Amino acid sequence: MIAPSPASPALQRFAERAHALLASGGLPPGHLDDSDFPQLRPVVHDSWIRSLAFLRNPAGASAQNSISDPQLDDFRRTHPLAAVMPVFDRLLVQPARDTGLLVAIGDETGRLLWVEGDATARSAAERMAFVPGTDWSERSVGTSAPGTALATGTGVQVSGAEHFSLEAHRWSCSAVPIHCPLTGRLLGVVDLTGNAEAVASHSLALLQAAAAAAEAQLRIDALDLTATRSSPRPGPAARGQDRLVSSGGHPTAPHLKVLGYDGGSLACGAIGREVGGRHAEILALLAWRRGGLDSGELADLLFGDAGQQVSVRAEMVRLRKALGHETAAAIGLESRPYRVGPTVALDARDVLRHLGAGRHREALAAYAGPVLPKSEAPGIVEIRREVSGTLREAMLNDADPDTLLGYLELPEAAGDIDGLRTALQVLPARSPSRSVVVSRLERLEFEFG
């Protein structure tokens, strides 16, 4: 038997009755059940329960935007899904033009990063804040395809009055979560929004195919990067050549990535390169210490011995040669003292910058792992501890429950008993995540006595 479309009149009537009961006070918050609405779809019913725990009143469910345009541009540029936007453009965005449909790509927290498609639909969607930068998680707007797909980890279709927010009742949407193909980590969500066509049976299948194509491209990119890092030392003709890491020809500020990397990745304009362990350590230290370092200070931070200044000078010569004249000049690499230019961004600094501005979700999304995790250089160990420690303190003390749960999924937080106890204190009483947290906490307390 084929399930009815979410837009069917019968399902819409049951959803409208649920809204009417909530508005009249005839349905206590948190007490929606199948006996009241026997034909309300289970995925919608469960999402409404979660939404009521967050929002209590559908009239107050509205997407919020707490990020500036420059911050959004920076976040989109560094987000993993930026690399597969051409896939979504080819499979979804271009076919959606002049159809009344919109294609939205959101991050793992529910924040929309890109909204493309039919121009008229985009203009209409702006009135309900369905625009880049706004939060469409269940915590913010209640039941919607993007937020509910992220909450359940599966493809979801939501139509009309099934939306928790009253502002979304004229729209229908389908969404599918996107995962890292190597680690399984949730990266974000792809959504199709518009008229009833958005919840047609083939629409969900189309999104699932597009998400699979994007994940396949991410896997190819990851394997290419792994092959580049593990390949033998290049011959003389290949040394010093850059590997393309971004496209579009748009100049960007130099950006050094050392979070979660055994080495490092330096992007400079439209091209970039992998940098070796010692060179990554030097660049990270110089990008961290904006005022620069003399040879003795750099030797102390690299080797734990300020007397190894000759070794530092030799490493700097090799670094300049490896980078090449143009890249060294572009990042402002100088001597006396050794330093890089102020425009060089460091991903570890990005995390602290987000935390300092109270943007805990963005900080967690930017945190790809400890700073150069295999490095034993004293200066790198110090930076690693500062970034990881500051992130943990902010997550436990100030982050919302969902962001805290995301932090506790990090490998370095796997044994964080205090973090799990904090999560139990801040999670809503009816949160489905409580049982998972309790199970992890009981296992750790048993293991550690």
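User: What makes the reach of helix 18 close to the one expected for its 14 residues?

Analyst: The expected span is 1.5 Å times one less than the number of residues. Helix 18 (residues 434-447) reaches 20 Å from its first C-alpha to its last, close to the 20 Å expected. Helices here are DSSP runs of H or I with at least four residues, numbered from the N terminus. This is a predicted model, where local features need pLDDT of at least 70 and side-chain atom pairs count only at 80 or more, while totals for chains, interfaces and linings use all residues. Residues are numbered from 1 along each chain as its sequence is written, and side-chain values use heavy atoms, leaving out hydrogens and water.

User: How do you know that the buried residues of helix 18 are on the same side?

Analyst: The buried ones are V437, R440, L441 and L444. They cover an arc of only 100° around the axis, so they lie on the same side of helix 18; the arc is taken from the directions from the helix axis to the C-beta atoms.

User: Why is E315 called buried?

Analyst: Buried means under 20% relative accessible area, exposed over 50%, and partly exposed in between (1.4 Å probe, protein chains only). E315 has 14%, so it counts as buried. This residue is found in helix 11.

User: Why is helix 10 called roughly perpendicular to helix 11?

Analyst: Helix 10 (residues 295-303) and helix 11 (residues 309-323) pack at about 90°. Angles of 65 to 115 degrees count as roughly perpendicular, under 35 as roughly parallel, over 145 as roughly antiparallel and the rest as oblique. Therefore helix 10 is roughly perpendicular to helix 11.

Definitions and conventions:
Axes are lines fitted to C-alpha atoms, for helices over the stretch in contact, and angles run from 0 to 180 degrees between N-to-C directions. Helices (H or I, at least four residues) and strands (E, at least two) are DSSP runs, numbered from the N terminus.
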